[in-house]
Amino acid sequence: DEFFTELLGETVHRVVIRHVELDFLSGLVHADDHVDVELLLEAVGTSSATTRERIRSVADGRVAAEARSVVVHTDAGREVSEPWPDESRRALEARL
């Protein structure tokens with residue numbers, strides 16, 4: 001994900017998606033061609049971050065889907081959660 005890659009640099013390799021909620025509001029077809037995805041950082045926890053996403057058709061501006069996602073910073077083996085490094089936490093909190 002571009003948002004987390006730009007924000008966290010190499011730390012992004014230890015971030016995994018743990019939960020996704022997705023509501024499809026309107027179908028997209030080939031004529032829609034492109035979509036815009038708006039991402040808002042909603043919360044930062046000890047080892048997690050929650051985002052809200054809105055997917056919108058570029059062709060006519062209608063919202064096609066809304067989502068909420070939780071990502072978690074993990075250990076090197078990606079097996080258990082691990083607190084955000086201080087620098088990553090500061091970068092995330094600055095986007096709230």
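Strand 1 (15–24) supplies four residues to the lining of the largest pocket, the largest share. This is a predicted model, and the chain averages a pLDDT of 95.

**Largest pocket**
- The volume of the largest pocket is about 190 Å³.
- Strand 1, strand 3 (48–57) and strand 4 each give at least two residues to its lining.
- Lining residues include Val15, Val16, Ile17 and Val20.
- Asp1, Phe4, Val12 and Leu39 also line the pocket.
- So do Thr51, Glu53, Ser69 and Val71.

**Threonine 11**
- Threonine 11 sits in the loop that runs between helix 1 (2–8) and strand 1 (15–24).
- Threonine 11 counts as buried because its relative accessibility is 18%, and the cut-off for buried is under 20%.
- Its side chain makes a polar contact with the side chain of serine 88, at 3.4 Å.
- Leaving aside residues up to four places away in sequence, threonine 11 touches His73, Pro85 and Ser88.

**Confidence**
- At least 70 is the pLDDT score of 100% of the residues.
- Among the elements of the chain, strand 4 (residues 63–73) has the highest mean pLDDT, 98.
- Helix 1 has the lowest mean among these elements, 93.
- Where pLDDT is low, predicted coordinates should not be read in detail.

Terms used: Residues numbered from 1 in each chain as written. Predicted model: local features only at pLDDT ≥ 70, side-chain atom pairs only at ≥ 80, totals over all residues. Heavy atoms only, no water. Buried < 20%, exposed > 50% of the residue type's maximum accessible area, 1.4 Å probe, protein only. Polar contact = N/O pair within 3.5 Å; in protein donor to acceptor, adjacent residues only side chain to side chain. Contact = heavy atoms within 4.5 Å. pLDDT = per-residue confidence, 0-100. 1 Å grid on protein atoms, 1.4 Å probe; cavity = no way out; pocket = protein on both sides within 12 Å on 5 of 7 lines; lining within 4 Å. Points joined across faces, edges and corners; volume = space filled by probe spheres on them.
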